[in-house]
Amino acid sequence: GTKVRAVGEGGTLRESTDSGVTWSQRNLEITDTFYDIETSSERGYIVGTNGRILYYGLNTDTWHSATSSTTLALFGVQDRGDGTAWVVGSEGILLKTIDSGITWTNKGKAADTDLHAVWFTTTSSGYVVGKNGTIRKTTDSGYSWSTISVSGLSTQTLYDIEVVGDDIVIVGDKIIVRSQDGGKPWTATNY
């Protein structure tokens with residue numbers, strides 16, 4: 001089966017090696033709440049409260065603490081697959097690593113509100129989503145951000161974004177926001 005992992009309150013890390021049929025608890029001896037995890041066969045990242053970032057790399061399964069230079073809650077992480085990863089969190093914070101999680105650079109604020117997810121489609125183009133219907137895009141590796149407005153989207157919190165080719169899907173509080181052509185145009189469907 002496929003190995004899957006889930007994180008949560010009190011430093012919870014659960015793993016399954018049979019595609020989620022059975023689960024085991026990993027003890028990381030950390031009590032912070034974890035909000036997101038992203039793993040592959042080569043590397044992995046966990047983010048949570050108090051600026052907590054854990055990482056593993058090079059096909060190991062040993063988790064290490066990284067210094068994030070913030071105590072803000074970190075809500076979302078994206079692994080680009082090349083040693084680069086992005087993290088977003090409270091107050092719009094944006095962090096980046098280019099060495100598989102060992103060191104992190106604070107890239108400043110990508111927004112003036114809490115951000116829950118990040119997705120870079122290339123090394124320079126990416127999106128962040130979060131509270132109050134926030135969708136922002138960068139084309140210069142996070143140095144500047146533009147706001148994306150979508151009809152029907154206002155105060156909903158957006159929790160995740162996934163991109164496959166030109167198809168971009170964002171999910172939030174009773175809403176799905178989608179673009180099928182790389183970000184032009186966007187539609188919102190309320191549920």
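Okay, so let's start with the largest pocket: 16 residues line it, and Asp36, Val77, His116, Ala117 and Asp160 lie nearest its centre. By pocket I mean an open set of points on a 1 Å grid over the protein atoms alone, with protein on both sides within 12 Å along at least five of seven lines, and lining residues have an atom within 4 Å of a point. β4 (34-39), β8 (74-79), β12 (115-120) and β16 (158-164) each give two or more residues to that lining; strands here are DSSP runs of E, at least two residues, numbered from the N terminus.

Quick caveat: this is a predicted model, where local features need pLDDT of at least 70 and side-chain atom pairs count only at 80 or more, while totals for chains, interfaces and linings use all residues. Numbering runs from 1 along each chain as its sequence is written, and side-chain values use heavy atoms, with hydrogens and water left out.

Last one: Ser125, in the loop between β12 and β13 (126-130). Buried or exposed? Ser125 is buried, at 16% relative accessible area, where buried means under 20% with a 1.4 Å probe, protein chains only. Leaving out residues up to four places away in sequence, Ser125 touches Phe120, Thr138 and Thr139, contact being heavy atoms within 4.5 Å.

Conventions:
On a 1 Å grid over the protein atoms alone, a cavity is a set of points where a 1.4 Å probe fits but cannot get out, and a pocket is an open set with protein on both sides within 12 Å along at least five of seven lines; lining residues have an atom within 4 Å of a point. Helices (H or I, at least four residues) and strands (E, at least two) are DSSP runs, numbered from the N terminus. Buried means under 20% relative accessible area, exposed over 50%, partly exposed in between (1.4 Å probe, protein chains only).
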